[in-house]
Amino acid sequence: MPPLIFSAAFRTFFLVTGLYAAVMLPLWLVGYMGFSPVVQLPSTWHAHEMVFGFAGAAIGGFLLTAVPNWTNTTPVQGRPLMVLLAVWLSARLFFLFFPNTMPFSVIGMVLDLLYIPTLAVLLAKPLLSAGVGRNTAFLALLGLFWLANAATYAIPYFDPSLGRNLIGAYFGMLMVLVIIAVVGGRIIPAFTRNWLQMQGKRAEIRSFALIEKGGAAGSVAVAGTVALLFPGSIVAGVLLLGAAAVHLVRLSGWHGIKTLKNPILWILHLGYLWLVVGLALWGVSIFVSSYGVLLASVHALTAGCISTMILGVMSRASLGHSGRPLVVSKVTIAAYGLLTLAAIARVAAALASNPHGGFMHAAGTFWALAWILFLIAYTPILVRPRADGRMG
């Protein structure tokens, strides 16, 4: 029998996602504010690790937990999980102790670029054994996510300017948003419908065939790609605003306002709403030619959409897969609130005339506290046996 923490992927990777979130941003922010920590972390490290470190770990934990349910196959556990964690962790530690070598260290690059292929190998057998279908698209998305990460190392050799260094991270962010559009479109309306029916409420979830059959994910992928390849393009601005409208229409059919009495549900609706806000701000930034609005859009999509969806999904999945009722504690609700305040403060910092002032301090503080509260609430759940006595 493997150690309990390696008996299921959600235990392993949801725990390290929370730990990394609680540590990585405060470390970077202290240096960013000029307090000269022991480790001085550059902006390229921050952007890269938010996407490929933090979000990458959460994606691994989610897919390795969800795919066995989708395909009715045996979950990955034991030694393969240990190897995957070792690959992910080795890259994080390398760049934490040698941050100024990013992105030019061959050792760091090799360690970092091993994670997604290792994850894909673990996912490929159950996905392909179930036959080629909509779930196998996740292998393609992981491949694009890996290519985005590879670009963070390749591009600086040709153009070392900061803007070009970040393009790989932006493409990685885009792939995470596409995954959110796909997964969010599955779970949010389904969870909402089920809960509303349990409450005895009418719950007709409205959907639109064009949006659900590729329009949701496609709008994000196309608009974001055009905006990254042709920054400042009016076409990109129109596509981004159009994508925001597509997701607002989609979200409006999910009855989010009716879930306000159920925090474990409204946090998912809120995370998806941040996708609408971020895409809209990105589109507006092109028409007003404002770097502040552009920066606000990036953080609405990362600190807002990606982080909120990760916290919402991890808090729900951890309860469900550990045999516990889907009811969050007051500590978790406080974590939801603090993470929301962190995202709002970070967007406000980007829009403020003094972006290095109080809003940045508040965003970093709220973020760290949110993830510390997650760890307080969920570490006992993740390291203890299932409440129902079953394996996993």
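Select helix α3, residues 79–97, and colour its buried positions: Leu81, Leu84, Leu85, Val87, Trp88, Ala91, Arg92, Phe94, Phe95 and Leu96. Buried here means under 20% relative accessible area, exposed means over 50%, and partly exposed lies in between, with a 1.4 Å probe and protein chains only. The model is predicted: local features need pLDDT of at least 70, side-chain atom pairs count only at pLDDT 80 or more, and totals for chains, interfaces and linings use all residues. Residues are numbered from 1 along each chain as its sequence is written, and side-chain values use heavy atoms, with hydrogens and water left out.

Helices are DSSP runs of H or I with at least four residues, strands are runs of E with at least two, and both are numbered from the N terminus. The expected span of a helix is 1.5 Å times one less than its number of residues. For the 19 residues of α3 this gives 27 Å, and the end C-alpha atoms are 27 Å apart, which agrees.

Next, display the partners of α3. Its buried residues pack against α1 (9–32), α2 (43–71), α4, α5 and α6 (137–154); contact means heavy atoms within 4.5 Å.

Keep α1 and α3 in view. Their axes are 11 Å apart and meet at an angle of about 5°, which makes α1 roughly parallel to α3. On the α1 side, select Ala9, Thr12, Phe13, Val16, Tyr20 and Leu27; on the α3 side, select Leu81, Leu84, Leu85, Trp88, Arg92 and Leu96. By class, this contact of α1 with α3 has 10 nonpolar, 1 polar and 1 charged residues. Axes are lines fitted to C-alpha atoms, for helices over the stretch in contact, and angles run from 0 to 180 degrees between N-to-C directions. Angles under 35 degrees count as roughly parallel, over 145 as roughly antiparallel, 65 to 115 as roughly perpendicular and the rest as oblique. Ala, Val, Leu, Ile, Met, Phe, Trp, Tyr, Cys and Pro count as nonpolar, Asp, Glu, Lys and Arg as charged, and the others, Gly among them, as polar.

Rings of Phe, Tyr and Trp (its six-membered ring) pair if their centres lie within 6.5 Å; planes under 30 degrees apart count as stacked, over 60 as edge-to-face and the rest as tilted. Phe94 has a relative accessible area of 16%, and Phe95 has 0%. The structure holds 16 aromatic pairs. Elsewhere, select Phe54, Trp367, Trp371, Phe374 and Tyr378, which ring pairs link into a cluster.

Move to α4 (residues 106–113) and α5 (residues 115–129), which pack at about 20° with axes 4 Å apart. That makes α4 roughly parallel to α5. Leu111, Asp112 and Leu113 of α4 meet Tyr115, Ile116 and Pro117 of α5.

Two loop residues follow. Asn72, between α2 and α3, has a positive phi near 55° and is exposed at 73% relative accessibility. His255, between α10 (234–252) and α11, has a positive phi near 60°, but is buried at 16%.

Finally, select Leu281 in helix α11 (residues 263–288). Leaving aside neighbours within four places in sequence, Leu281 is in contact with Val293, Ala296, Ser297, Ala300 and Val347.
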